[in-house]
2 protein chains.
Amino acid sequence: MYKEMTVEIITIGDELLIGQVVDTNSAWMGSLLNDNGFEVVHKTVTGDKAENIVSAVNAAGCRADVILITGGLGPTSDDLTLHALCDCFGASLRFSEEVYVHIEKIFSRRNLTMNELTRNQALVPDKATVIRNEAGTAPCTWFERDGKVFVSMPGVPAEMKWLMTHEVIPRLKKRFRQDLYIKHDTCWVTGYTESALAIELADFEKRLPSFVKLAYLPQAGIIRLRLSAYSRTSEEAETTLAALRKELEQRLHGQINPEGDKDIEVLVGERLRARGQTVGTAESCTGGAIAAALTSVAGSSDYYVGGVVSYSNALKHKLLNVSETDLERYGAVSRPVVEQMARGALRVLGCDYAVATSGLAGPGGGTAEKPVGTVWIAVAHGDDVVSNEFRFSNVRDQNIRRTVNMSLLMLLNEMRDRQP
Amino acid sequence: MYKEMTVEIITIGDELLIGQVVDTNSAWMGSLLNDNGFEVVHKTVTGDKAENIVSAVNAAGCRADVILITGGLGPTSDDLTLHALCDCFGASLRFSEEVYVHIEKIFSRRNLTMNELTRNQALVPDKATVIRNEAGTAPCTWFERDGKVFVSMPGVPAEMKWLMTHEVIPRLKKRFRQDLYIKHDTCWVTGYTESALAIELADFEKRLPSFVKLAYLPQAGIIRLRLSAYSRTSEEAETTLAALRKELEQRLHGQINPEGDKDIEVLVGERLRARGQTVGTAESCTGGAIAAALTSVAGSSDYYVGGVVSYSNALKHKLLNVSETDLERYGAVSRPVVEQMARGALRVLGCDYAVATSGLAGPGGGTAEKPVGTVWIAVAHGDDVVSNEFRFSNVRDQNIRRTVNMSLLMLLNEMRDRQP
């Protein structure tokens with residue numbers, strides 16, 4: 001495996017250490033860096049203490065060639081990144097007229113009044129290249145030392161994303177000759193435990209070229225299988241992965257989805273759009289999570305018409321016309337009820353496919369015959385409806401996420417089986 | 001500020017470095033550790049390479065007293081944590097009959113067949129204390145060196161959570177004398193920019209005792225203000241924070257919510273349950289995200305009746321009785337439409353309060369008068385309805401999250417203004 005320019009990400013903030021905020025920035029950055037051929041080898045999270053920031057930056061400088069730092073650039077006194085970087089690089093803060101004018105412009109556009117703290121955001125280290133942040137007030141700064149690059153960005157996701165895309169990645173590409181091509185190819189596999197799948201693929205894994213890595217990522221009822229090629233040429237990476245993927249598809253026929261790099265809600269949307277069809281939802285235990293997943297995708301109004309969250313039994317009857325007798329006889333978590341929900345949604349919402357869920361997400365409400373984690377899912381299309389029972393775990397958010405994934409998987413299967 | 005026993009968290013997995021998976025484990029752990037008086041000073045993410053795991057573990061051993069490691073314990077060949085830990089501590093793997101019997105029991109309960117890879121999960125380092133993992137097959141192992149503790153746990157969230165709660169925290173409490181009490185007190189503030197709030201509170205901040213820290217966390221339209229006390233006695237921490245909180249409440253009267261440590265959907269649920277009232281939703285641009293937020297809370301069926309995701313205009317008319325003339329005259333993103341949605345939801349869903357949203361989440365669909373980020377929110381109760389227009393950003397997921405937060409905030413304000 002080739003060893004080339006490597007990246008370390010440092011995220012700064014006490015809120016990350018005490019668990020008040022989940023760090024989603026570094027995952028987004030890792031994905032973008034990979035797509036551009038830069039390998040992330042390490043991530044560090046440290047708190048709002050200048051001495052800890054200094055030692056994190058110095059340690060990272062020993063491990064990686066490029067160190068990307070986010071956070072700690074706000075106007076308040078707990079924001080210490082620039083002071084720490086001045087320590088690291090023997091720099092001092094200077095007032096930048098250019099940054100100040102930019103901040104003023106942003107404030108006047110938003111009808112906000114400047115104050116002395118905002119003015120402080122125009123203080124930048126004198127040994128850094130200052131990169132304008134079009135998405136916000138805190139500037140981005142770029143340091144070099146011993147052939148290594150250190151970049152400081154704000155932690156606000158929209159600002160970091162703008163800077164990474166428009167400034168940092170293009171500058172890194174100019175700065176470092178690129179000899180490494182990284183390509184990932186991910187597919188989903190269903191119907192296996194992780195170890196059973198690993199045994200099934202043992203000889204496949206043994207025969208992999210040395211520059212290819214295989215990883216198993218089990219996740220809410222689906223195992224993602226990722227092949228990663230680290231190669232000198234994009235051709236080698238691509239042809240190798242294409243051949244390996246073909247082999248996987250033949251071996252795991254019927255239990256594999258080759259477009260596993262996409263989120264399942266994105267794939268559902270693409271399929272529906274290509275066929276000119278629509279979907280609607282009737283949710284009980286998922287409580288709107290399927291609708292929220294589908295509509296998280298831009299342009300989803302092209303194929304998602306809407307839905308009903310029939311959390312109470314009364315609304316299952318009133319909005320979806322589920323039989324009150326059946327609700328009483330079989331209970332809400334049952335095949336007759338979930339199928340009637342799906343058929344009712346098809347009628348009420350006027351869509352081509354309807355997905356319905358009813359289950360016990362927990363932690364309370366389970367019985368001996370219907371323990372927590374029991375979920376019924378139905379998909380209706382025309383006069384047909386298919387339904388399945390699942391037994392998930394006793395953890396509420398896990399049960400909801402698994403039900404969302406399995407519902408969309410059942411919808412994909414139904415679409416595949418019924419070419420329009 | 002007192003310096004006591006410190007913790008570092010190491011999470012292992014290439015999927016975290018390349019950004020395929022967001023690390024939520026370490027945030028959860030950080031929060032639990034803090035609640036138990038343990039301070040997390042550093043987090044490290046490293047990939048599935050034995051040498052990198054070894055150096056991460058050794059480096060952590062120089063920084064912290066307790067090192068908690070998650071991930072890399074699965075049955076497949078990319079799982080290398082135990083091999084790396086054997087390297088670090090000069091240990092070898094031995095077969096544990098006890099662990100094997102436990103794995104067998106789990107497999108037979110789930111009707112799965114054991115295979116050779118599963119059998120390998122019974123291999124444990126001979127220099128470690130083995131802690132049974134009741135939530136899964138991979139065991140937890142506990143090492144000691146030079147008075148420091150290293151614990152390895154699976155990365156599967158449900159398993160890690162079970163082990164942390166039932167085994168690791170109780171054992172750490174026995175092992176380390178606890179002289180530090182950490183207490184956080186978080187409130188929300190609305191209606192300020194971050195810097196304006198910091199200026200408003202400048203003298204308050206200057207007068208803070210040396211063992212108290214203040215942090216500003218802006219987040220989707222709300223600024224969370226966190227006071228953290230690190231003290232020798234729980235009394236000192238608590239009385240100090242109580243006095244400071246009272247001062248904040250007086251200063252920021254009307255723009256502060258003191259229960260900021262709770263997620264807003266939890267707070268809404270508590271208020272509704274206390275009053276014996278119910279809520280329903282009528283969502284357009286949020287596409288089910290408000291419903292999903294409300295139902296993510298266990299027991300939400302006590303106060304959440306259900307909702308309608310009227311993504312298309314046709315469904316706004318059909319399900320919520322929004323006037324077709326008004327939809328045409330004012331457009332879906334308008335005061336008349338969102339108010340009719342809220343009133344319609346109140347009627348159709350039969351709830352005490354209804355929340356309705358209609359806006360342009362983007363990125364497409366904006367015009368000069370109604371740019372992307374324009375959102376109308378209405379809350380209806382009895383014969384009354386209040387509505388507000390917002391201008392958010394041009395980033396879809398940010399707009400959806402802000403709309404969810406602002407909708408629930410408007411609902412809280414309505415409830416406060418109308419004592420039942």
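Tutor: Start with pairing: two strands pair if DSSP finds at least two bridges between them. Helices (H or I, at least four residues) and strands (E, at least two) are DSSP runs, numbered from the N terminus. This is a predicted model: local features need pLDDT of at least 70, side-chain atom pairs count only at pLDDT 80 or more, and totals for chains, interfaces and linings use all residues. Residues are numbered from 1 along each chain, chains are lettered from A in the order written, and side-chain values use heavy atoms, without hydrogens and water.

Student: What makes strand β13 of chain A and strand β14 of chain A a pair?

Tutor: Five bridges join β13(A), residues 279-283, to β14(A), residues 304-309. At least two are needed, so they pair. The two strands run parallel. One of the bridges links Val279(A) to Tyr304(A).

Student: Why is Asp185(A) called buried?

Tutor: Buried means under 20% relative accessible area, exposed over 50%, partly exposed in between (1.4 Å probe, protein chains only). Asp185(A) has 14%, so it counts as buried. Arg245(A) has 28%, so it is partly exposed.

Student: How do you know that Asp185(A) and Arg245(A) form a salt bridge?

Tutor: The rule asks for a side-chain nitrogen of Lys or Arg within 4 Å of a carboxyl oxygen of Asp or Glu. Here the closest N and O atoms are 2.8 Å apart. Asp185(A) lies in strand β9 and Arg245(A) in helix α10 of chain A, so the pair ties together parts 60 residues apart in sequence.

Student: What makes Arg251(B) and Glu247(B) a salt bridge?

Tutor: Their N to O distance is 3.7 Å, and the limit is 4 Å. Both lie in helix α10 of chain B, four residues apart, so about one helical turn separates them. Arg251(B), at 29%, is partly exposed. Glu247(B), at 22%, is partly exposed too. In chain A, salt bridges that share partners join Asp203(A), Arg207(A), Glu247(A) and Arg251(A) into one network. Over all chains the count comes to 30 salt bridges.
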